[in-house]
Amino acid sequence: METFCAIRFAHFTAPLKVSFISTRTRLAFPQKLFFCQARFADSGVDGSFSLKLVSPALLAAEKEEARAVLTLFLKKQGLSPTVAARTINKSEHFVDHLVDRLHSVHKSRYLVGRELTTLEIREALIPYLEALLEEHEMFLVDVVESFPNEPVKEKPIVPVTKSQPSVDLNLKKLKAISRVSEIGTAGTLPPHIVYLLELGMDLDQIKGIARRFPSFAYYSLEGKIKPIVEFLLELGVPKSDIPSILNKRPQLCGISLSENIIPTMSFLEGLGVDKKQWAKVIYRFPALLTYSRQKVKTTIDFLYEMGLSAEMIGKVLTRCPNIISYSVEDKLRPTAQYIVSLGVDVGVLLHRSPTVFGLSIEANLKPVTQFFVERGYSMDEIGIMLSRYGALYTFSLAENLVPKWEFFLTMDYSKSELVKFPQYFGYSLEDRIKPRYALMKDCGVMLLLNQLLSLSGSNFDKALAKKIKKFHAGKDPNTSSDESEVEE
């Protein structure tokens with residue numbers, strides 16, 4: 001369904017003037033600057049949306065997600081974590097506006113009871129924020145903080161100096177973009193840009209990197225870019241993955257191989273990171289090699305504190321290297337405390353499902369807990385389910401847990417079966433659960449939920465045949481398999 005979003009902004013094109021006269025900089029925006037109305041091309045239906053269709057819990061979760069997206073976006077534009085946090089605290093109305101935008105753009109999803117995933121929320125909001133940035137550049141923070149009113153700031157127009165970091169940063173970005181796209185006297189692009197194009201990058205992608213990280217435009221081919229590319233290739237990184245890695249973390253090219261990257265890798269290998277897995281680890285999270293030794297050590301110390309051995313830490317970093325990026329005090333420790341409140345061993349969960357610690361407590365963890373509480377499970381039972389299957393908390397409520405729960409209610413199993421086998425939620429409803437359950441019912445027998453889903457195709461057929469044989473031998477067909485047959 002195609003969606004059109006009408007957004008009106010005043011066009012701000014006032015040039016910078018070198019003058020010491022203080023003047024009033026006023027962005028002359030229309031009264032209804034951010035009025036956003038989604039219209040669906042194939043129906044002509046007005047995109048207005050009633051918040052009555054959204055539960056308070058979901059609304060709170062969406063606001064949390066919107067704040068997270070906005071915070072990340074501001075940091076990528078060069079704001080420090082402190083300044084970004086201060087801006088967020090002043091931008092409650094703008095956050096509400098972002099949530100309203102989600103409701104308008106994805107009206108059809110809500111009408112059928114489908115919640116948005118974190119990825120869908122980001123894909124809806126980030127392009128919108130990028131459009132605002134392109135329109136308002138250095139005044140974006142003013143626009144966000146002043147919403148829904150037009151921002152009015154007293155700004156002295158003086159020569160660009162170190163006292164004007166936002167203007168200075170903006171000019172650096174423009175110069176960097178110009179540098180990577182300028183044609184030299186020989187009629188060609190700069191050598192390092194030609195090299196990147198030959199690797200499979202496109203010019204727009206390189207411009208995007210220069211905008212986010214201006215220093216990249218000035219890296220030399222032989223001294224910076226080529227050595228890191230050749231090093232990655234030697235590690236086994238496919239050439240086709242190089243553009244993605246450089247796009248994710250262009251800072252890699254500015255870090256010394258001998259003094260930083262290789263020593264960091266040796267340190268992590270000493271903890272158990274598999275040397276053979278470096279290509280996959282770097283592709284998943286290239287920023288891992290750009291963090292300071294102190295940052296890495298802080299996270300490692302926390303993992304030790306949670307009871308993980310060096311070998312276990314190595315496996316965690318191999319499977320989930322981005323855990324290094326999480327703040328210990330702001331992210332990992334609060335999540336660990338919440339996990340403990342559920343009666344779960346934090347160390348075991350970290351080892352089995354480290355991705356859980358990247359989730360938002362308010363937007364992801366608490367809603368899943370509440371989902372099972374509302375369906376009659378005790379906190380102890382929920383803790384057991386999480387301990388047995390950490391990925392349970394990574395699933396979408398609307399797309400996974402709710403539909404699979406509703407089908408489970410039609411199956412001839414007690415609710416306690418999900419405590420024993422929460423992995424049920426990890427199988428495809430249409431491709432695995434429904435077909436196997438239908439086949440089992442047609443045979444007139446009953447297998448444990450574990451056997452129904454976890455066995456391979458051939459072993460499932462054998463288990464079913466064995467059960468049918470018992471049925472013909474006169475045993476109760478509705479009695480589940482013996483305990484010795486259960487695969488834990």
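Me: What does M411 touch, not counting residues up to four places away in sequence?
Reply: M411 touches Y424, I433, Y437, L449 and L452, where contact means heavy atoms within 4.5 Å. This is a predicted model, in which local features need pLDDT of at least 70, side-chain atom pairs count only at pLDDT 80 or more, and totals for chains, interfaces and linings use all residues. Residues are numbered from 1 along each chain as its sequence is written, and side-chain values use heavy atoms, with hydrogens and water left out.

Me: Why is P286 called buried?
Reply: Its relative accessibility is 3%, and buried means under 20% relative accessible area, with exposed over 50% and partly exposed in between (1.4 Å probe, protein chains only). So P286 counts as buried. P286 is found in the loop between α13 (278-284) and α14 (293-305); helices are DSSP runs (H or I, at least four residues), numbered from the N terminus. P286 touches I245, K248, R249 and L252, again leaving out residues up to four places away in sequence.

Me: What makes α18 roughly parallel to α20?
Reply: Helix α18 (residues 361-373) and helix α20 (residues 397-408) pack at about 15°, with axes 12 Å apart. Axes are lines fitted to C-alpha atoms over the stretch in contact, and angles run from 0 to 180 degrees between N-to-C directions. Angles under 35 degrees count as roughly parallel, over 145 as roughly antiparallel, 65 to 115 as roughly perpendicular and the rest as oblique. Therefore α18 is roughly parallel to α20.

Key:
Helices (H or I, at least four residues) and strands (E, at least two) are DSSP runs, numbered from the N terminus.
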